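Take a look at the sequence and structure below, then work through the exercises.

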Amino acid sequence: MSKRTFKIAVLGGDGIGPEVCDESVRLLQEVERRLAGVAFDFQHHSVGVGEYQRNGNALPDSTFAACQSSDAVLLGAMGLPNVRYPNGKEIAPQLDLRERLKLYGGVRPIRLFNEADTPLKNFGAGEIDFVLVRESTEGLFYGRDAVLDPDADEAFNTMRISRECTEQVCRLAFQIARQRDGMKKVSLIDKANVLSSMVFFRKVFDEVAQEFPDCEADHVYVDASALFLVRDPKRFDVMVTENMFGDILSDLAAGLVGGMGMAPSGDIGDSAAVFQPSHGSAPDIAGRGIANPIAMHLSAAMMLDWFDDDNCKVGAKMIHAAITRVLADASKRTPDLGGSLSTSEMTDEILQAL
Ligand SMILES: NC(=O)c1ccc[n+]([C@@H]2O[C@H](COP(=O)([O-])OP(=O)(O)OC[C@H]3O[C@@H](n4cnc5c(N)ncnc54)[C@H](O)[C@@H]3O)[C@@H](O)[C@H]2O)c1
Ligand SMILES: CC(C)[C@H](C(=O)O)[C@@H](O)C(=O)O
């Protein structure tokens with residue numbers, strides 16, 4: 001039987017990025033061996049701090065072209081706090097990828113696998129379970145190209161909310177809600193009490209909601225949503241919001257289920273997608289082999305689920321089930337969650353549970 005081959009561009013990046021990314025490639029290779037009819041063609045490309053320091057370009061043209069021509073991109077993490085452009089900002093090739101590939105939907109699932117891993121009281125496995133969908137190409141990040149006048153006494157960044165991206169990201173959020181077993185509810189997280197850009201976001205959200213009469217829609221102000229996430233996370237099923245609010249709230253949400261090492265992410269567009277953990281390069285633990293690879297592995301599972309292929313969807317379920325089984329035993333943890341497993345030992349556990 002001929003195999004369907006998926007070309008996957010692997011961008012390890014910086015800090016713990018390559019450490020967790022290599023582990024996910026190892027896991028995916030094992031999944032590939034167990035799936036009939038599917039082959040993964042991994043192609044590694046250089047990107048990030050090293051490229052910037054060598055060639056002045058954190059996202060070389062050849063790497064971008066490879067991402068464009070691949071079925072998906074698997075990305076570790078990019079950037080280091082002490083490596084900056086002369087304008088004071090960090091390199092962030094992942095933002096360039098999101099914008100250039102039009103990956104408007106930053107999909108960030110949050111799930112508690114074991115009650116031992118949440119700082120909240122009285123939440124068992126599966127009782128924190130929602131998806132945060134972050135618009136990933138505009139919002140307040142649109143202002144990131146603003147040039148700072150060194151002599152000015154003021155600085156500005158513009159929030160851009162376009163009808164096109166807002167419709168796309170809201171539709172994606174409702175489609176996700178429709179597929180979930182939960183409440184089929186989409187909560188718009190906005191600041192429509194203060195900002196006209198957010199009044200517009202809400203108007204477009206309400207229009208899109210009409211297309212999904214089987215789903216519930218509600219509005220929550222971003223400040224209140226931070227409160228509700230901590231006090232009552234069960235009220236959320238799918239959240240949709242602008243770029244910067246989503247950036248902040250997705251870290252808060254990760255904290256509810258064990259931290260950044262437990263938070264996967266997929267940046268989704270109509271014809272391309274990048275899968276990476278929500279976390280960064282974690283320079284405080286990089287190079288020690290102790291990073292938690294679960295966020296990366298769950299991102300790899302999201303990639304398989306995103307491929308329009310039944311075998312790959314089975315592979316996604318296999319990874320999810322294996323992680324669920326390993327995490328059911330609270331003694332199997334990396335140091336971020338109080339355990340002593342190394343990055344590769346945690347992957348070994350998951351491989352055994354496959
Ligand atoms: N998508 C990305 O590539 C991305 C995302 C966030 C931050 N960054 C960049 O990464 C660098 C560090 O940023 P930061 O420190 O604010 O955020 P970070 O996510 O790298 O780290 C925050 C904290 O979480 C811990 N952590 C993160 N991932 C972990 C993992 N897999 N296992 C165990 N612990 C983990 C770190 O040790 C640290 O204590 C910065 O240069 C930032 O710009 C990149
Ligand atoms: C590192 C940074 C540019 C990035 C972002 O802001 O999107 C990160 O925080 C994330 O959440 O992926």
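**Exercise 1.** At what angle do helix α5 (residues 163–179) and helix α6 (residues 196–209) pack, and how far apart are their axes?

Before we start: this is a predicted model, where local features need pLDDT of at least 70, side-chain atom pairs count only at pLDDT 80 or more, and totals for chains, interfaces and linings use all residues. Residues are numbered from 1 along each chain as its sequence is written, while chains are lettered from A and ligands numbered from 1 in the order in which they are written.

*Step 1.* The angle is about 45 degrees, and the axes lie 9 Å apart.

*Step 2.* That angle makes α5 oblique to α6 (under 35 degrees counts as roughly parallel, over 145 as roughly antiparallel, 65 to 115 as roughly perpendicular, and the rest as oblique).

*Step 3.* Now find the contact (C-beta atoms, placed from the backbone, within 7 Å). From α5 come R163, T166, E167, C170, R171 and F174, and from α6 come F201, V204, F205 and V208.

**Exercise 2.** Describe how helix α9 (residues 294–306) is placed against helix α10 (residues 310–327).

*Step 1.* The axes of α9 and α10 come within 7 Å and cross at roughly 155 degrees.

*Step 2.* With this angle, α9 is roughly antiparallel to α10.

*Step 3.* On the α9 side, the contact is made by I294, H297, L298, A300, A301, L304 and D305. On the α10 side, C312, K313, G315, A316, I319, H320 and I323 take part.

How values were computed. Axes are lines fitted to C-alpha atoms, for helices over the stretch in contact, and angles run from 0 to 180 degrees between N-to-C directions. Helices (H or I, at least four residues) and strands (E, at least two) are DSSP runs, numbered from the N terminus. Two residues are in contact if their C-beta atoms, placed from the backbone, lie within 7 Å.
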